[in-house]
Amino acid sequence: MAKNVTMSGWVEKRGGLDATKGWKNRWCILSDNMFRYFKTDSDNTPAGIIYAEDIEEVSEDFEEAQKDISKHGFTFKIVTKGRTFVFNAASIAKRDEWITRIKELLSAHSEDPIISPLKYTSVEIFYGAKPGIRINGNVGTELMMQLTNSVTGKIVQDNRGWFAELSTSHTTVLNLFTQHGWNLVNAFSCNSIPSNSTQASYSDMLIMSSPNNFE
């Protein structure tokens, strides 16, 4: 699916849920229903994806800016259920433009959600007291049936994908996707809130690229 790029450019991203990994330059692209960030502007695969459906708030982050206004004085934040992403733009004008463009994307998406298959799909495997798996995007009927054939709890579908109450591992999920021609482009651990809980839990996030023949 061709990407309709709304905005792109370099920003700094604060690393880690606990802000212990410092700041790193990231090439960011706002397009279709997602905000993607890359390690370089020549990378074809993102280091991370934030979907429009997950975003609860986007605004200036004055509290973060005050910590070191000389180096990170133009910060803005993207708040999702499970995490707050903090970025620093090159200027006030760029910060405000990013915020405006993201808000415009959210408004457009709420009126006309994108349901076409995505080139990249993220799969989040939740552990703990309420395990589950969250598939963001269309992965095809056959793969979806294989992923959920042992589900005993609920399966919820929305305009972005599926959530199933299922105890599994990232190795099992990765093997299934690989068998269907998908490729792993990034993986990381995080804390976020599954659809069957109000509490954040530990999870593994896999970012997969779709097969060339996937429709």
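W27 stands opposite F38, a residue of β3. The model is predicted, and the exercises below start from this pair.

**Exercise 1.** Determine how β3 pairs with β2 and with β4.

*Solution.* 
Step 1. The pairing of β2 with β3 is antiparallel and spans 5 bridges.
Step 2. Look at the connection. β2 and β3 make a hairpin with 2 residues between them, and D32 in the turn has a positive phi of about 50 degrees.
Step 3. Turn to β4, which covers residues 48-51. Here 4 bridges link β4 to β3, and the two strands run antiparallel. Within this pairing, F35 has I50 as its bridge partner.

**Exercise 2.** Decide whether β3 is enclosed or open, and sort its side chains by direction.

*Solution.* 
Step 1. Count the buried residues, meaning those under 20% relative accessible area. In β3, 5 of the 5 residues are buried, so the strand is largely enclosed by the rest of the structure.
Step 2. Sort by direction. M34, R36 and F38 point one way, F35 and Y37 point the other way, and both sets are buried.

**Exercise 3.** Find which residues touch the most other members of the largest nonpolar core, and which elements supply that core.

*Solution.* 
Step 1. The core has 20 residues, and F35, I78 and F87 touch the most other members.
Step 2. List the suppliers. At least two residues each come from β1 (5-14), β2 (23-31), β3 (34-38), β5 (55-60), β6 (75-80), β7 (84-88) and α2 (92-111). The largest share, 4 residues, is that of α2.
Step 3. Follow F35. Leaving out residues up to four places away in sequence, F35 touches C28, I29, L30, G48, I49, I50, I78, F87, W98 and I102.
Step 4. Note the other core. A second, separate core has 16 residues, among them I125, I133, M144 and M208.

**Exercise 4.** Locate the salt bridges and state how accessible the residues in them are.

*Solution.* 
Step 1. The structure holds 3 salt bridges.
Step 2. E97 and K94 join through their side chains at 3.6 Å, N to O. The two are 3 residues apart in helix α2, so about one helical turn separates them. E97 is partly exposed at 29% relative accessible area, and K94 is partly exposed at 39%.
Step 3. R95 and D96 form a salt bridge at 3.0 Å, N to O. R95 is buried at 9%, whereas D96 is partly exposed at 30%.
Step 4. R101 and E104 form a salt bridge at 3.1 Å, N to O. Both lie in α2, 3 residues apart, about one turn of the helix. R101 is partly exposed at 30%, and E104 is partly exposed at 40%.

Definitions and conventions: Residues numbered from 1 in each chain as written. Predicted model: local features only at pLDDT ≥ 70, side-chain atom pairs only at ≥ 80, totals over all residues. Heavy atoms only, no water. Core = buried A, V, L, I, M, F, W, Y, C linked by side-chain atoms within 4.5 Å. Buried < 20%, exposed > 50% of the residue type's maximum accessible area, 1.4 Å probe, protein only. Contact = heavy atoms within 4.5 Å. Pairing = 2+ DSSP bridges. Salt bridge = Lys/Arg side-chain N within 4 Å of Asp/Glu carboxyl O.
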